[in-house]
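Good morning, and thank you for coming.

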Amino acid sequence: MAWRLRLAPEKTNINFFAYQWATFGGSMALMLLAFVIWGVMGLNFGIDFKGGTTMRTESTTVIDTGAYRQALSTLGLGDVAINEVFDPSFRSDQHVASIRISSADKTLAVTPEQLAAVEAALVKMDPALKVVSSETVGPKVSGELVSSSIIALTVTSLAIMAYLWLRFEWQFALGGVLALLHDVFITIGIFALFQLKFDLTIVAALLTILGYSINDTVVVFDRLRENLVKYKTMPLRDVMNLSVNETLSRTLMTSITTLIAVGAMLVLGGDVIRGFSFAIFVGILLGTYSSVYVAKNLVLFLGLDRSDKPRKTGKGADHEFANIDA
Amino acid sequence: MSLYTPLWKRLVIWGLVAIGVIMAVPNLFYTRVETRNDAAVAIEKSLKAGGAATPEQTSALDLWPSVMPSALVNLGLDLRGGAHLLAEVKLADVYKQRMNALWPEARDALKELRDTVGSVRREPSAPEELRISVSKPEGVQAALVKLQGLANNVVSLTGAGQKDIDVTLDGQVIVIALSPAEKLATDNRTMQQSLEIIRRRVDAAGTREPSIQRQGSDRIVIEVPGIGSAAELKAMIGTTAKLTFNQVLGRAADANTAPGAQKLVLPGNEPGEFYIVDENPVVTGEELTDAQPSFDQNNRPAVNFKFNVAGARKFGTYTGAHIGEPFAIVLDNKVISAPTIQSAITGGSGIITGNFSLEESTNLAVLLRAGALPAEMTFLEERTVGPELGQDSIDAGKIAALVGMGLVSLFMIASYGLFGSFAVVALVINMALIFGILSMIGGTLTLPGIAGIVLTIGMAVDANVLVYERIREELRTAHTPARAIEVGYERALSAIIDANFTTLITAVVLYFFGAGPVRGFAVALGIGIVTSVFTAIFVTRLLISAWFNWRKPKTLIV
């Protein structure tokens, strides 16, 4: 037998329900904790959701954020936050700062004149400085972006739930979506805890997590459905364990390949996209965990009707669309 | 026993792969193909204008063979650098203009009924309506009927059979407002005009691939790659260049003078110089047919203009009746000159002087020719990305993608041996297909889009993993190798489809939810899902069956 890298032994027989209270219960507790952190600490919203301006400056001279603050202090701006940005891909004489300006007036955007003044003040302080990007979002748009983000997340969750319901049973749909919410809320909780910048691309990342995380869950469910037909008398819990064990090698393989790819993006992809890569990275980790430890627990809890007799609604023994080979 | 795939199927699969790869090739020579494409566009333009191609342009054409496809993946603003603006058009401006234009018409109509209605007055009102009172209360009904006669049918598909204005009675005051159907039609017209004018102005500046799109009912997204900053872009399109000729009614000491109803106080060229002018212009810039930069008799830069027939008549009549009085040439709510009328100007042409530089007069002529924006715009969102930052992002993304792909390939080969290397071949083909399709549909690659492609690298092998794991299982249950491969592909299919379909749902939602970079991500992810299923199921299957039929192994190790 040729050598093969194995992430899981050929045949595993792990009881994934053994420490149910620690794994499933722990997950639920973590999810609640994420909610609390989110509620207490709030998210560090980027200008997409809060309105205001961000500027990215580059200079060959070393950055002294105090001097930056000094240069901007006389301009009568709202809140100004200045951060130095670090990234392994920067050249040795490339010093990048990110400046975030909230509008002094809550209802108005930072005006172009103010921006020009900011740029002039910065260049006066450091003639080598260049503004390499700037973004301004007015309060009207930022409000809309908040609501459209919430709508997008809800619509995606519902669409995925509807699809699962069509392809499997309603219990699977609920279990799958619970696993999704687990992944998304804990990711949001992590962003709140570390006060990482939360902007539109992070919402895109959350949406991607929704799609990715359900991917793993679906593969487990798919095997579960197959095994339910095969082992009609085996207790549901055992069929579930069997299904997860059978798919374990694949679940780990896929997670690792995806983590490798996203990890490369996280480390080498530059700081502009780092938040996005980070959210997806975390989401994939959580997604793998939740497809093994969260999704099926709810299904077990809700129970499945495994009887062969025709249902009251007149459907066949299996589910209506279950046999469609798409 | 061997694995059989019908010839036609094999041809179709390899054919699709070949097309995809060929379409992707130009992207490997990005700058070269881009130079060629730019030259081709420039040549076409100059040929249309009656000119000829320059030698540099002709030699640029040879940079890339013409038999090869030359479509490239567009780079988004965050990669190429450029400016993005989200503008909101103040649609209500147009309602106001319509009402102001309707007032003289209404007044004239009621003049015919002088005996029944008495004198007619315009009452102060909200800008989008016109309130008219008559001095004889008993004549109100007659006036109402007369004014209702002014209504026309709405010119639009959906509003057919409806009137353009609603004329109602509010106590003793007649209220005229645009009907909802007409408002809708007007809004659409205003948006169309705004889009067209912005497009012309941006095109005149000669920037590459600008994208100007309507968003929702009253918004316009403008994206121009390669431009220095959003402020520059705004200067290019934001100037309304609204030209009017108004009657001067007097002068004012400062901007805060209360001018009275239907009058405006506008600043002049000199500081502290203010004019009181009639709010309703005699002629507007919309009635211009031409405008050219020129010089006045003192050899200062000026702009020559020509009116259309209606404009010329109005202007002729007005100047004939007001000889010796000053009139104001108003540009964007500023009186740029207020000459005294020397004689009736009946020829329909004239000259605008002001303290212009040559550049300003040239720009003004361009703006006047392109026409004024029908309504004012406010900018809700502005983004500028410098070209250096974009290039840094491309470089970082490229490295990340290559490293990610290398590591995933190693991992696959370590895990599945020969079958793993088939998956790697499929992965490379998959990448080529993504770029091929993006080029074909003219898709835009953004920084999150690169991340989407990298993510696809990880996820693309998922389908292979599912199949290979399944084949392993089938081998354990003592199937023959050929049977195990067949059953493996067959049984894994359902999981593959389910898993990818859910991700496709997300990509679709992301596409509709996001704009710009996020949309680029959705497109990359969506295409990646489709191509990865194709390569993982069909391409690896062909590779494996070709190998299998060649080597005919007795046992199979996956």
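**A sheet, a contact and a helix**

In chain B, strand S13(B) and strand S14 (residues 301–307) run antiparallel and are joined by seven bridges. Please bear in mind throughout that this is a predicted model. One pairing to find on the screen is B:Pro293, whose bridge partner in S14(B) is B:Val303.

These strands belong to an open sheet of three, with the order S13-S14-S17 in chain B and antiparallel pairing. Why is one side of S13 and of S17 left without a neighbour in the sheet? Strand S13 (288–295) and strand S17 (349–353) of chain B stand at the edges and have a single partner strand each, so one side of each has no neighbour there. On average, and ignoring direction, neighbouring strands of this sheet are turned by 25 degrees against each other.

I turn now to the two chains together. Their contact takes 59 residues from chain A and 57 residues from chain B. On the chain A side, strand S5 (130–137), helix H5 (139–167), H7, H8 and H9 each supply at least two residues. That side of chain A divides into 33 nonpolar, 18 polar and eight charged residues. Strand S5(A) also pairs with strand S18 (residues 377–385) of chain B, in the antiparallel sense, over five bridges. Within this pairing, A:Ser133 has B:Val385 of S18(B) as its bridge partner.

Finally, helix H10 (residues 295–302) of chain A has as its buried residues A:Ala295, A:Lys296, A:Asn297 and A:Val299. Their cover includes helices H1, H6, H7, H8 and H9 of chain A. Just after H10(A), A:Gly303 takes a positive phi of about 80 degrees.

Definitions and conventions. Residues are numbered from 1 along each chain as its sequence is written. Chains are lettered from A and ligands numbered from 1 in the order in which they are written. This is a predicted model: local features need pLDDT of at least 70, side-chain atom pairs count only at pLDDT 80 or more; totals for chains, interfaces and linings use all residues. A residue is buried if 20 or more other C-beta atoms lie within 10 Å of its own, exposed if 12 or fewer, and partly exposed in between; C-beta atoms are placed from the backbone. Helices (H or I, at least four residues) and strands (E, at least two) are DSSP runs, numbered from the N terminus. Two residues are in contact if their C-beta atoms, placed from the backbone, lie within 7 Å. Ala, Val, Leu, Ile, Met, Phe, Trp, Tyr, Cys and Pro count as nonpolar, Asp, Glu, Lys and Arg as charged, and the others, Gly among them, as polar. Two strands pair if DSSP finds at least two bridges between them. Axes are lines fitted to C-alpha atoms, for helices over the stretch in contact, and angles run from 0 to 180 degrees between N-to-C directions.
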